Amino acid sequence: MRILLWHVHGSWTDAFVRGRHEYLLPVLPGGGPWGLGRAGRDWPASVREVELASLDADAVDAVVLQRPEEIDEVARVVGRRPGADLPAVYVEHNTPKGDFPFTRHPLADQAGIPLVHVTHFNRLAWDNGSAVSTVIEHGIPDPGQLYTGELSELGVVVNEPVRRGRVTGTDLLPAFASVAPLQVFGMKTDGLAAATGVDASRLTSRGDLKTQELHRELARCRVYVHPMRWTSLGLSLLEAMHLGMPVVALATTEAPRAVPPEAGAVSADVDELLRCARRLVANPEEARRRGVAAREAALERYGLGRFQQRWDELLGDLAGHPRGPLAAGNNGPDERILVPARERKTP
């Protein structure tokens, strides 16, 4: 299939475009959110940059939407309406914002475009109305078991921690810095020590490293800390688990499903997390053992193969049913869950 999608979420796209299809990514001279293209990523040749305005309508078999505005943009430029005469699916990457738990999804109650949530928590948290919805959990290209834990420090990966504040648990970093020095990776981490009141000797902002360098440097830290309060499920957490790192995580959103107890600690009790982090920093062998458990769990649930298989099933359904496997008006309210073809019972 020839699938049109924008390069919106880099890590998710990195997994998605490693499938067996042809992927068309709009590109603009200035890049930006509507024309990022490959953005220099080392992706397969099946990922092609295209100028949306010059794209022939018949060159697209399906569109993977990630922003509500994309629906009108595709219809305007390509001349085919997603969910009507162009098979479409909408991927929701985020937890709801605003009046939770009453936040309605922008595509709630429409029948033409199935919603795909990346975590079970997200699907539960959003009010999807009568829209068809399902979950395809994340898949991670395996970076390998790179963990050394040679540094008695805590690793954190977070983008824009100063601006996002309590959302990303930035206010919890001083407590973790009292256990061991922090290395914080991610976009716009400059000034984080000053913003949190942590002495510069206890918090080092490493910035936005290239993926391979990030994995190598993060894996040197003894423990991975995941202080996120209200994010979907940081892919950095799953990457850390793939690396073989032990994990200390807040028991919020999808983290309790992603991190088994034997991988470290998952709790809403910050003091409990601090105690676990302190123990793992002091006991490298226990840290390594728990990291092995983390990696095994991540490979089983968040392996790239499982992710691609689920997407192939759903895309196959789209190709055969432009308005989605469960067309509006043909099913009762208890049948509004999108089920892959191979899992559905047929007469």
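How many bridges pair E8 and E9, and in which sense, parallel or antiparallel? E8 and E9 are joined over four bridges, in the parallel sense. Two strands are said to pair if DSSP finds at least two bridges between them. Helices (H or I, at least four residues) and strands (E, at least two) are DSSP runs, numbered from the N terminus.

Before we go on, a word on the model: it is predicted, and local features need pLDDT of at least 70, side-chain atom pairs count only at pLDDT 80 or more, while totals for chains, interfaces and linings use all residues. Residues are numbered from 1 along each chain as its sequence is written, and side-chain values use heavy atoms, with hydrogens and water left out.

## The sheet

E8 and E9 belong to an open sheet of six strands, which follow the order E10-E9-E8-E11-E12-E13 with parallel pairing. Strand E10 (203–207) and strand E13 (264–267) are at the edges with a single partner strand each, so one side of each has no neighbour in the sheet. On average, neighbouring strands here are turned by 20° against each other, direction ignored. Angles like this run from 0 to 180 degrees between N-to-C directions, and axes are lines fitted to C-alpha atoms, for helices over the stretch in contact.

| Strands | Sense | Bridges |
|---|---|---|
| E9 and E10 | parallel | four bridges |
| E8 and E9 | parallel | four bridges |
| E8 and E11 | parallel | three bridges |

Leu154 is a handy landmark: its bridge partner in E9 is Leu182, and in E11 its bridge partner is Val223. Further along, Phe185 has Gly207 in E10 as its bridge partner. Five of the seven residues of E8 are buried, leaving this strand mostly covered. Buried means under 20% relative accessible area, exposed over 50% and partly exposed in between (1.4 Å probe, protein chains only).

## Helices around the sheet

Helix H8 (residues 235–243) packs on the sheet, where it touches strand E8 (151–157), strand E11 (221–226) and strand E12 (247–250), and its direction makes about 150° with that of E11. Contact means heavy atoms within 4.5 Å. Helix H10 (residues 270–282) lies across E8, E11, E12 and E13, and runs at about 170° to E12.

H8 also packs with helix H11 (residues 284–302), at an angle of about 120° and with axes 6 Å apart. The two helices are therefore oblique to each other; angles under 35 degrees count as roughly parallel, over 145 as roughly antiparallel, 65 to 115 as roughly perpendicular and the rest as oblique. From H8, the residues Leu238, Met241 and His242 meet a set in H11 that includes Gly291, Ala294 and Tyr302.

## Two buried residues

Leu173 is found in helix H5 (residues 173–177). With a relative accessible area of 2%, Leu173 is buried. Not counting residues up to four places away in sequence, Leu173 touches Val156, Leu182, Leu192 and Pro227. Its C-alpha atom is 9.8 Å from that of Val184, eleven residues apart along the chain.

Is Glu254 buried or exposed? Glu254 has 4% relative accessibility, so this residue counts as buried. Glu254 sits in the loop between E12 and helix H9 (255–258). Leaving aside neighbours within four places in sequence, Glu254 is in contact with Thr119, His120, Phe121, Glu137, Ser232 and Leu233.
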